[in-house]
Amino acid sequence: MLDELLAAWIGRQRWFGGKGRAIDELSIDSDVELTPGLRHLIIAIWQEGSRDRYQVLLGERDTLPDRLSHALIGTIGDVYLYDAVHDSDRTSWLLDGMAHDENRSGLRMRHVPGVTVDTTPRSLVLGAEQSNTSLVFGDAYICKLFRRLIPGVNPELEIVTALAARDAPHIAQPYGWIETDLDGTDTTLAIMQEFLSTANDGWDLALASVRDLYASLPGVSAAEAGGDFAAESLRLGAATARVHEELAQAFPTDVIEVHEVKRMAEGFRRRLGRAVAEVPELRAYVSAIESAYHEVELLTNEVPVQRVHGDYHLGQVMRTPTDWVVLDFEGEPGQPLAERRALSSPLRDVAGMLRSFDYAARHLLADHSQAAALEPRAQEWADRNRIAFLDGYVAAGGVTSRADAALLRAFELSKAVYEVVYEARNRPSWVSIPLAAFHPR
């Protein structure tokens, strides 16, 4: 009965990765009682021959308050079953367990050595996430529950704990985590970090700057508009270089040999071919893109590689009253764990942020009646902030050689090719945003 309720409920959750496909089978792999009225479930879901596993906090109540009606899973007899992440009366177990390093039937709750976890704040679920669920406890902590479980240590836990041990700046202090064994491997279920209650999201700040520019009088430049963002972009570039430096100190580094660099360029080219077949609008830009990839094939130097962020953009950074903080080091959630932990060029992160500036500049132009007239201002804003970011990155020790410039351009265009395919599949009216990356600058 419970498995049937879960199968009907999970397909409607925003974090469920199998939407649009029938659930062939659902089984409960683990069922641990945490406290009376609260169970931790790991469920396996089979769809089209493949299995995914998810974690669910299952609450049980004899009566369900109105505040929890949206979290209802179903009833068995007189018992209401619901998604208990939304129940602040139940979620205190997260803080208690981590504070006291508890073990419960294979669930291991840990706190970072040297920190103290306050167990008194109550929780509130943030509603913006797609693939995870985050609970904020007062103004002290944010606990991210990884809904879809992949065997292994999550890169975010690995990175932030390593950087915190070095007293590295530009990260949110980690406080604890929860883990279990999955397929015989230590697997991260949740991570708790400092909640930046007074910080502002980088994407929101950038969009506010773009709005100010678009609202200004004709002839007013991005530098003269009231919300000029370039000084923040400069600081963000410097913070990014420092994070890369700390990552290189905390984890092993390596180099990619010249023949491997050429293989990388071949990979870019193959992805371009597949993209053109799916989005014919790309065909007009193939020659220019191929030329950039060819510059990488001509490189004769090894390329340094290290641990990187892996999914770097303006939505992954927060501006505190003192500086920029980088979040979400878990990499691209859809990629295999080994790939997210693999060494890469830090220029991959730089390219991601440069693309994010282009998106911020043009995001408001999608479906805008004055898009054509505002396009030059969008380009001006993007160019100004891209330059400022790169200036900050280089001034703080980022790489600067000709080979770096060629590789950065290739990373950026490859990212834009991916974006074109994504927008064509999901938001066709936005295809013009990544297509602008291929226009001469």
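1. The bend at a residue is taken here as the angle between two axes, one fitted to the seven residues ending at that residue and the other to the seven starting there. In this predicted model, helix H10 shows a kink of about 25 degrees, centred on arginine 377.

2. Helix H10 covers residues 371-395, and its 25 residues reach 35 Å from the first C-alpha to the last, which is close to the 36 Å expected at 1.5 Å a residue. Just after H10, glycine 397 takes a positive phi of about 110 degrees.

3. Arg377, the residue on which the kink is centred, is also one of the buried residues of H10, a list that includes Leu374, Trp381, Phe389 and Tyr393. The buried residues of this helix pack against helix H4 (202-215), helix H5 (230-250), helix H9 (347-363) and helix H11 (402-426).

4. Most residues other than glycine have a negative phi. Aspartate 101, in the loop between helix H2 (92-99) and strand E6 (103-104), has a positive phi, near 50 degrees, and at 32% relative accessibility it counts as partly exposed.

5. Histidine 170, which is not a glycine either, has a positive phi of about 70 degrees, and its place is in the loop between helix H3 (155-165) and strand E12 (174-182). Histidine 170 counts as buried because its relative accessible area is 12%, and the cut-off for buried is under 20%.

6. An unreviewed UniProt entry lists residues 9-87 as "domain: Maltokinase N-terminal cap". Over residues 9-87 the chain is 54% strand and 3% helix, with the end C-alpha atoms 17 Å apart.

Note on methods: Residues numbered from 1 in each chain as written. Predicted model: local features only at pLDDT ≥ 70, side-chain atom pairs only at ≥ 80, totals over all residues. Heavy atoms only, no water. UniProt positions renumbered as here; feature names shortened; annotations may be inferred. Helix = DSSP H or I, 4+ residues; strand = E, 2+ residues; numbered from the N terminus. Buried < 20%, exposed > 50% of the residue type's maximum accessible area, 1.4 Å probe, protein only. Expected span 1.5 Å × (residues − 1). Contact = heavy atoms within 4.5 Å.
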